[in-house]
Structures are given as structure tokens and as C-alpha cells.
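Me: I would like to work through a protein model step by step. Please take my questions one at a time.

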Amino acid sequence: MTDAKAYSNRKLIGLLLLGCVGMFGFGFALVPLYDVLCEKLGINGKTQSTAAEYKAVTIDTSRTVTVEFMAQTQKDMPWVFAPEMKRIQVHPGEVIRTQFHAKNLSAQQIVGQAIPSVSPGQGAAYFHKTECFCFNQQKLDANANAQLPLIFYVDTELPEQISTLTLSYTLYNITDKGYVDDVEQGAAK
């Protein structure tokens, strides 16, 4: 092999390695870049992950907002999961209590975690949950049922052009993801 060919091969290997490192870095940066882009465009649909504190406001009875509820499960989740009601009319500022129903269809205890999303994404900042089953992992014994509470209000500052909000939950099976319940944690300390 000539020196020119060996140099050419080393240069090619160096460029390929540099390309691999660049692709890895770009892939690593995609999640924060996606979050920033969605935040700026108002299309993220993310809701808060902790309880909002309700501040007493005058309920805007001159305006009605439709809130739709959707529920789905991940394909390996052996639960039936559905909202108590599919749609409700609310006035901004009004505190609403509803619930979702869950039934474990398996012969073993399953731990689930619900991930919420609101659409349109611009409406997520105006949808406030004061209590939500999505804040905690839900443990359900074999063939057991549960009523999962949701208390929320729509902010009176919701833009006028938004007349419908859709709250969607996807329920994930996290049983094998290292869940340890509070009793076991207390005993382990």
C-alpha cells in the first residue's frame, strides 16, 4: 500500500468517525431542540406535572368551553381505561370534578402511569389540574377496578379563539420499570 493510499484511508476513517460523533451529538440534542421548538410554536400540548393551586376567580358564565376526554393504553397494558364522560361544557374559572375508570384485566398486579396531553397545544397553559391520577403511579391488583379522580379548571385567560380543549391520557405499563411502593421503600430504610 502506498503512503498516499494509507493517508487517504486514515483521512476517510477520521471523517467517518467525526461524522458518527456528529450524528450522536445531533441525536442527543434533538429532544431539547424539539421541546424548545414546540414551546415557541405553542404546539407542545404538555400539561403541568404537579397540582395547580386554585385561585378564586370570578367564573366567566358568558363563555362556554367544551372539554373532551380521551383515554388510550399502550399495547402491552392489560387495562380497560376510559373517561367517565367523553365531553363536558365548562365555564372558565369553574372547578370541575370528574373521573376515569380503570380495570386490570390481567391475573397479576399492574402498575400504570398516565401521561396527559392537551390540544390544541396553545390551550395547555390554560388547563389546570388541581388533582389528577396522572401525578402518581397507579397500582391495580389482578382483576381490580379503580376510579381515578381528576379535578381541573380552565383559566379565564384562555384565548377567545379556543372553544374546545381535548385532554388525552395514554396509560403505560411501568410494572417492570423499577417501581417500589411506599410500604416497601419505608421497610427498606
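This is a predicted model: local features need pLDDT of at least 70, side-chain atom pairs count only at pLDDT 80 or more; totals for chains, interfaces and linings use all residues.

Me: Which strand holds F81?
Reply: Strand β2 covers residues 79-83. F81 falls in that run, so its strand is β2.

Me: Is F81 buried or exposed?
Reply: The relative accessibility of F81 is 8%. Buried means under 20%. F81 therefore counts as buried.

Me: Which residues is F81 in contact with, leaving aside its neighbours within four places in sequence?
Reply: Contact here means heavy atoms within 4.5 Å. The close neighbours in sequence are left aside. For F81 that gives A71, Q72, T73, F100, H101, F133, L148, Y169 and L171.

Me: How many Å apart in space are F81 and T170?
Reply: In sequence, F81 and T170 are 89 residues apart. In space, C-alpha to C-alpha, the value is 9.2 Å.

Me: Is the disulfide of C132 and C134 right-handed or left-handed?
Reply: Look at the torsion about the S-S bond of C132 and C134. The torsion is about 130°, so this disulfide is right-handed.

Me: Are C132 and C134 buried or exposed?
Reply: The cut-off for buried is under 20% relative accessible area. C132 has 4% relative accessibility. C134 has a relative accessible area of 9%. Both C132 and C134 therefore count as buried.

Me: What about C20: buried, partly exposed or exposed?
Reply: Buried means under 20% and exposed means over 50%. C20 has a relative accessible area of 45%. C20 is therefore partly exposed.

Me: Which residue forms a salt bridge with E160, and how many residues apart in sequence are the parts tied together?
Reply: The partner is R63, with the closest N and O atoms 3.8 Å apart. E160 lies in the loop between β8 and β9, and R63 in the loop between α1 and β1. The pair therefore ties together parts that are 97 residues apart in sequence.

Me: Of E160 and R63, which is buried?
Reply: E160 has 63% relative accessibility, so E160 counts as exposed. At 8% relative accessibility, the buried residue is R63.

Me: Which strands does the salt bridge of R87 and E68 tie together?
Reply: The side chains of R87 and E68 meet at 2.8 Å, N to O.

Definitions and conventions
Residues are numbered from 1 along each chain as its sequence is written. Side-chain values use heavy atoms; hydrogens and water are left out. Helices (H or I, at least four residues) and strands (E, at least two) are DSSP runs, numbered from the N terminus. Buried means under 20% relative accessible area, exposed over 50%, partly exposed in between (1.4 Å probe, protein chains only). A disulfide is a pair of cysteine sulfur atoms within 2.5 Å. A salt bridge is a side-chain nitrogen of Lys or Arg within 4 Å of a carboxyl oxygen of Asp or Glu.
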